[in-house]
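Q: I'm new to this one. Can you walk me through it?

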Amino acid sequence: IYIWNFNTNAYDPLVNCDGVGTEQTLTGEITANLNNYISNGQIIVLAEQKTAQTDARTLSHIETDYIKLLLKPKA
């Protein structure tokens, strides 16, 4: 999963998964330079499949129930 960095105009890696054919829960965190990831109230997150389908009998897809974004104000 990647998050867009408006300061560099590029995606930064947020979390990585090497699971194959298994259900995964991914959790990523950014704690510094948060303004780089927010522009006009917008945050962009990208989920990317690492490898292409190699078996014609198997579906190649990313499936998700939800993405949760939690913003915590500084104490």
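Q: How many aromatic pairs does the structure hold?
A: The structure, a predicted model, holds 1 aromatic pair. Rings of Phe, Tyr and Trp (its six-membered ring) pair if their centres lie within 6.5 Å.

Q: Which residues form the aromatic pair?
A: W4 and Y11. Their rings sit 4.8 Å centre to centre, with 75 degrees between the planes, and that makes the pair edge-to-face. The cut-offs for planes: under 30 degrees apart is stacked, over 60 is edge-to-face, and the rest is tilted.

Q: And Y11, what does it count as?
A: Partly exposed, because its relative accessibility is 35%. Buried means under 20% relative accessible area, exposed over 50%, and partly exposed in between (1.4 Å probe, protein chains only).

Q: How much of the protein is buried?
A: Buried residues are 11% of the 75 residues.

Q: New topic. What is the secondary structure?
A: There are 0 helices and 3 strands. Along the sequence the pattern reads β-β-β. Helices (H or I, at least four residues) and strands (E, at least two) are DSSP runs, numbered from the N terminus.

Q: In what order do the strands lie in the sheet?
A: The order is β2-β1-β3, in an open sheet of 3 strands with antiparallel pairing. The edge strands are β2 and β3, each pairing on one side only. Two strands pair if DSSP finds at least two bridges between them.

Q: How many bridges join β1 to β2?
A: 4 bridges, and the two strands run antiparallel. β1 covers residues 2–5, and β2 covers residues 10–13. Y2 has P13 in β2 as its bridge partner. The two strands form a hairpin with 4 residues between them. In the turn, N9 has a positive phi of about 55 degrees.

Q: What about β1 and β3, how many bridges there?
A: 2 bridges, again in the antiparallel sense.

Q: Which residues stand opposite I3?
A: I3 stands opposite V45 in β3. I3 also stands opposite D12 in β2.

Q: What is the mean pLDDT of the protein?
A: The mean is 78, and 67% of the residues reach 70 or more. pLDDT is the predictor's confidence in each residue, from 0 to 100. Confidence is highest in strand β2, at a mean of 94, and lowest in strand β3 (residues 45–46), at 86.

Q: What are the ground rules?
A: Residues are numbered from 1 along each chain as its sequence is written, and side-chain values use heavy atoms, leaving out hydrogens and water. Local features need pLDDT of at least 70, side-chain atom pairs count only at pLDDT 80 or more, and totals for chains, interfaces and linings use all residues.
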